[in-house]
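Thanks for making the time, everyone. I would like to walk through one model this morning, beginning with a single residue and then widening the view, so please have the structure open.

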Amino acid sequence: MNTTETTGITSHGHVSRVLIIYYSFSRQTRKLVRAAEKGLASAGVEVTSERLIPVKHLKFPFGSFLKTLYMMIITFFRKRMPVSELSARAFQEYDLIIIAGPTWSFNPCGPVLSFLDTYCNDIFPGRRVLPIISCRRYWRYHGHYLKKRIRKCGGYPMEPWAFNHPVPAPWDTIGLFLTLMGRNPRRVAILKKFYTRYGHNNRQLHEMEKRAHDLGLQLQQQESA
Ligand SMILES: Cc1cc2nc3c(=O)[nH]c(=O)nc-3n(C[C@H](O)[C@H](O)[C@H](O)COP(=O)(O)O)c2cc1C
């Protein structure tokens, strides 16, 4: 192997570089991104992360039943949520781009949609792009839509890495809705037993770290081939 796992410097002196662009509303994607950063870095990859910041702040939780329902409806129709300008480092050379964010009403979330509208022609052309998806359960359409958009911008989409909330149906839906409203599902008597947590667990974060590490090693090998 031409790569040293500790430094990541190939025999040609090249360190693979990965850009992670992400949005996280309730910190679940952020957890996955932190694990991915750790895994890639442990393979010697240089990782740059760029957080999408909505121009109009989105407050978690939404605070009421009606506000949550309203968000579910507008996001079903792919409502865009404009994001602040990206930093200059997002436009540098990378070996791989990761676009990470939650599923909102079967679609990519509003900030990611706005990012795609504004920047995908500048950042994706000629690059491999890996979608990372955080969701309660239903991410297939989201993944399909992202791949289509990445291709349209001249990028090469990889199969998405999707992570569900590890809670069985229908408790995942009820628990999510209550959490978004600002209620604690674990304080509701009949839910306490079935809805153990909101979001991803440590096993999933370890899995992400391991996958990212393996991907990092692959990138390094390709660079040195
Ligand atoms: C407005 C809204 C709509 C959502 N719709 C879906 C959905 O259609 N399918 C799904 O699996 N999860 C859905 N979710 C759940 C999120 O995808 C999930 O909680 C995710 O882990 C949140 O990631 P984040 O904390 O990085 O924002 C929705 C969440 C919100 C806020």
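Let me begin with Ser49, which counts as partly exposed because 18 C-beta neighbours lie inside 10 Å; by the convention used here, a residue is buried if 20 or more other C-beta atoms lie within 10 Å of its own, exposed if 12 or fewer, and partly exposed in between, with C-beta atoms placed from the backbone. Ser49 sits in strand E2, residues 46-51, and, leaving aside its neighbours within four places in sequence, it is in contact with Ile20, Tyr22, Val33 and Glu37, where contact means that the C-beta atoms, placed from the backbone, lie within 7 Å. Between Ser49 and Phe194 there are 145 residues in sequence and 35 Å in space, C-alpha to C-alpha.

Before going further, a word on provenance. This is a predicted model, in which local features need pLDDT of at least 70 and side-chain atom pairs count only at pLDDT 80 or more, while totals for chains, interfaces and linings use all residues. Residues are numbered from 1 along each chain as its sequence is written.

Now the overall picture. The protein has seven helices and seven strands, in the order β-α-β-α-β-β-α-β-α-β-β-α-α-α from the N terminus; helices (H or I, at least four residues) and strands (E, at least two) are DSSP runs, numbered from the N terminus. The radius of gyration is 18 Å, close to the 17 Å that the globule rule gives for 225 residues, so the protein is as compact as a globular protein of that length; the radius is taken over C-alpha atoms, and the rule is 2.2 Å times the number of residues to the power 0.38. Of the 225 residues, 39% count as buried, and residues 24 or more positions apart account for 81% of the contacts with a separation of 6 or more.

Which residues are closest to the ligand? They are Phe25, Ser26, Gln28, Thr29 and Pro102, out of 23 that surround it, a residue being near if its C-beta atom, placed from the backbone, lies within 6 Å. Two or more residues of this shell come from each of helix H1 (28-42), helix H2 (65-76), strand E3 (96-104) and helix H5 (171-181).

Helix H1 also packs against helix H7, residues 202-224: their axes come within 7 Å and cross at roughly 40°, the axes being lines fitted to C-alpha atoms, for helices over the stretch in contact, with angles running from 0 to 180 degrees between N-to-C directions. Among the residues making this contact are Leu32, Ala35 and Ala36 of H1 and Leu205, Met208 and Ala212 of H7.

In H5, the buried residues are Gly175, Leu176, Leu178, Thr179 and Leu180, and they pack against H2 and helix H6 (189-192).

I will finish with the backbone. Most residues other than glycine have a negative phi, and most peptide bonds are trans. Here, a cis peptide bond joins Phe60 and Pro61, with omega about -5°, and Pro61 is in the loop between E2 and H2. Another cis peptide bond joins Ala169 and Pro170, with omega about 0°. As for phi, Arg78 is not a glycine, yet it has a positive value of about 55°; Arg78 is found in the loop between H2 and E3.

Definitions and conventions
Contact = placed C-beta atoms within 7 Å.
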